[in-house]
Amino acid sequence: MATTLKGSGVSPGTGYAAAHLLVGSIPEPPKGAVHDGDAAAEKARVQAALEEVAADLEARGERAGGEAAEVLSAQAMMARDPGLADGVDELVDAGVSGERAVYEAFGAYRDLLAAAGGYLGERVADLDDIRDRAVARLTGAPMPGVPGDAAEPYILVARDLAPADTALLDRNLVAAFVTEDGGPTSHTAILARAMGVPAVVGCAGATALVQGTLLLVDGATGEVVIEPEPAAAQAAVATARARAEALSGTSGPGATADGHPVPLLANVGGPKDLEAALANGAEGVGLYRTEFLFLDRADAPSEEEQQAAYRAVFDAFPGGRVVVRTLDAGADKPLAFLPPPGEEPNPALGERGLRMFRRHPDMMAAQLGALARAAEGTEAIPYVMAPMVATVAEAAWFAEACHAAGLETAGIMIEVPSAALRARDLAKVVDFFSIGTNDLTQYAMAADRQVAGVSELQDPWHPAVLDLIALAAGAAGAAGKGCGVCGEAGADPVLACVLVGLGVTSLSMGAPALPWVRASLARHTLDQCRAAADAARSAPGASEAKEAARACLTGLGDLGL
Amino acid sequence: MPQRRLIVEAEVGLHARPAATFVQTATRSPATVTVAKGDGAPVNAKSILSVLALDVKKGDAITISTEGDGAEELLDELASIAGAP
């Protein structure tokens, strides 16, 4: 019988492929390791490994082209270096094992380059990469890094994934993600949903899997079956594909089965995300993150540059709403063109979001001005909202600034618990709310999103979080104003029904989740959503809340959820 | 043994692309090719790691040596690579 690992399913879908373990570093071959006495054979073995590494680097360079090709071909030259080969041969002749000889021969050059510093010092990382690749080949250990050149789709298995690991991932080659750590708002989960790749996070035992093991991953249930019966696995994949087709069968504006409209909007990080949003039937944009305009640059973007970026998104949704979130920077995402923020032991609780605008009101004025001008003459309905609002005074200050700039619809994010608790007062001074469930959960549960050890607490299913959402949505509804959700919670097709039941009026999410949420809403009535919301809030904990809600949502089975 | 002595003019010195081109060109020759910085010990010019480790910067003098058929032509070619601004 096949063994099964269990984690949290955070991105639905089914993947069946061989595991590729992402390893951080290759262990140093033990000092004093010797070979079996046949020096000639050992030398040939090392030479073959180095040549394979070189050929692999070269082939990847050719595929990548441009600057990457040059860098990789220089690395290939290093792997083929005759001086290095001489060093290896000498060591092997003295009895040292091949992998240890590689390690030591590279070490000699490594020290020289590191001592030189500057440009040469930076080549040390290249050298280490080649060394690790050669040692991995000699010892049969998994290759470091994400495979850039896999011929077949693979399942990426790692402790956790960093943005640097995933920058070059090819959607067509990654069948699924499985990580040992991480929660529903980890980088892996967000990336997987953005790519539309199935993912299981927080999966104990994942990193102990053997390289190349066939896995069947269910991104909805969180099950990872090791070496499944091939026929059954292929059937599961076929079922998942059929289900995906059922999903694409639901189209049009978001609504419950009984016709209660719930506009389905897309989260976008810039004009580059518009294509996916439109392809998945977004009715507008529920969260336009504007940070991309400001981060990683020496000077503030000009008003013209800002206008062009905003205009591109407005123009994509004539007649639709586009909710723009003003700059959300802080000590963890400092801006090079502003005076450095003070040292903050916990940037999540520091001077970020609207708090930063309070210190730099000129930045806010420039952004609001650019937004107002970008909105002129477009057919989109611009909404503007501020992140990290804690008090009525902050909300009123922001709304007045928006109105003064000529932006009619000004709202705030509800992500600080104080804002949810006092939503009734806040609803009097702003035009709409949008709940950022990731941060609201982090702050309500006092569980840092960056800390894997508290990932169980970073779950929006916790009834305390649902209570805060109910408070905010209820206050908005009583004031006749809208209350959307733009956090990851809205992308969960089960939780989406609960949110609607709690009184949320629109849902915004990464584009690939839109068909799932649309299909899930279409299979349930507003009454069922309300019953699910009541059941969830009556539960004592997150997992019980999810179970209780699922019991009320009878249409989930159709979708394999 | 035929030699060329010259001053490296490239901004990056004998690093990066000039170093790679230099080593690739030396590697085409069946003969031994060496390069030395200043009065230092010569190293294998076919070894990118050895050439990089010389840490030749703009303005440094280097001596390239080789022998055999076509030695002069090879030295001309290597000197023009290493001496190019």
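Reader: In which loop of chain A does A:Asp296 lie?

Author: A:Asp296 sits in the loop that runs between strand S10 (285-289) and helix H10 (303-316) of chain A. The labels come from DSSP runs, numbered from the N terminus: helices are H or I with at least four residues, strands are E with at least two. This is a predicted model, in which local features need pLDDT of at least 70, side-chain atom pairs count only at pLDDT 80 or more, and totals for chains, interfaces and linings use all residues, while side-chain values use heavy atoms, without hydrogens and water. Residues are numbered from 1 along each chain as its sequence is written, and chains are lettered from A and ligands numbered from 1 in the order in which they are written.

Reader: Is A:Asp296 buried or exposed?

Author: Relative accessible area decides that: under 20% is buried, over 50% is exposed, and in between is partly exposed (1.4 Å probe, protein chains only). A:Asp296 counts as exposed because its relative accessibility is 82%.

Reader: What is the phi of A:Asp296?

Author: Phi is near 55° at A:Asp296, a positive value in a residue other than glycine.

Reader: Where is A:Ala446 found, and is A:Ala446 buried or exposed?

Author: A:Ala446 belongs to the loop between H16 and helix H17 (463-478) of chain A. With a relative accessible area of 70%, A:Ala446 is exposed.

Reader: That loop also holds A:Ser455. Is A:Ser455 buried or exposed?

Author: A:Ser455, in the loop between H16 and H17 of chain A, has a relative accessible area of 18% and is therefore buried.

Reader: Which residues does A:Ser455 touch?

Author: Contact means heavy atoms within 4.5 Å. If residues up to four places away in sequence are not counted, A:Ser455 touches A:Gly182, A:Gly183 and A:Pro184.

Reader: How is chain A divided into domains?

Author: The bounds come from an automatic or database domain assignment. Chain A has domain 1 (4-22 + 150-245), domain 2 (39-139) and domain 3 (249-559). Domain 1 is written as two segments, 4-22 and 150-245. Between the C-alpha centres of domain 1 and domain 2 of chain A there are 32 Å.

Reader: Now A:Thr378. Where is the place of A:Thr378?

Author: A:Thr378 is in the loop between helix H12 (361-375) and strand S12 (381-386) of chain A. A relative accessibility of 14% is the reason why A:Thr378 counts as buried.

Reader: Which backbone oxygen does the side chain of A:Thr378 reach?

Author: Polar contacts are pairs of N or O atoms within 3.5 Å; within protein, one must be able to donate a hydrogen and the other to accept it, and residues adjacent in sequence count only if both atoms are side-chain atoms. The side chain of A:Thr378 reaches the backbone oxygen of A:Ala375 at 3.0 Å. Apart from its neighbours within four places in sequence, A:Thr378 is in contact with A:Arg311, A:Phe314 and A:Asp315.

Reader: In chain B, which residues does B:Ser50 touch?

Author: Not counting residues up to four places away in sequence, B:Ser50 touches A:Asp81 and A:Tyr109 of chain A, as well as B:Val43 and B:Asn44 of chain B. B:Ser50 is part of helix H2 (residues 48-54) of chain B and counts as buried because its relative accessibility is 13%.

Reader: With which side chain does the side chain of B:Ser50 make a polar contact?

Author: The partner is the side chain of B:Ser47, at 2.7 Å.

Reader: How should I read separation along the chain against separation in space?

Author: Take B:Val23 as a reference. B:Ser50 and B:Val23 are 27 residues apart along the chain, and their C-alpha atoms are separated by 10.0 Å. For B:Gly68 and B:Val23, the figures are 45 residues in sequence and 18 Å in space, C-alpha to C-alpha. B:Gly68 itself is in the loop between strand S4 (61-66) and helix H3 (71-83) of chain B; its relative accessible area is 54%, so B:Gly68 is exposed.

Reader: Strand S4 also contains B:Ile62. Is B:Ile62 buried or exposed?

Author: B:Ile62 counts as buried because its relative accessibility is 0%. Not counting residues up to four places away in sequence, the residues that B:Ile62 touches include B:Arg4, B:Leu6, B:Val8, B:Leu14, B:Val35, B:Val56 and B:Ala82. B:Ile62 and B:Met1 are 61 residues apart along the chain, with 15 Å between their C-alpha atoms.
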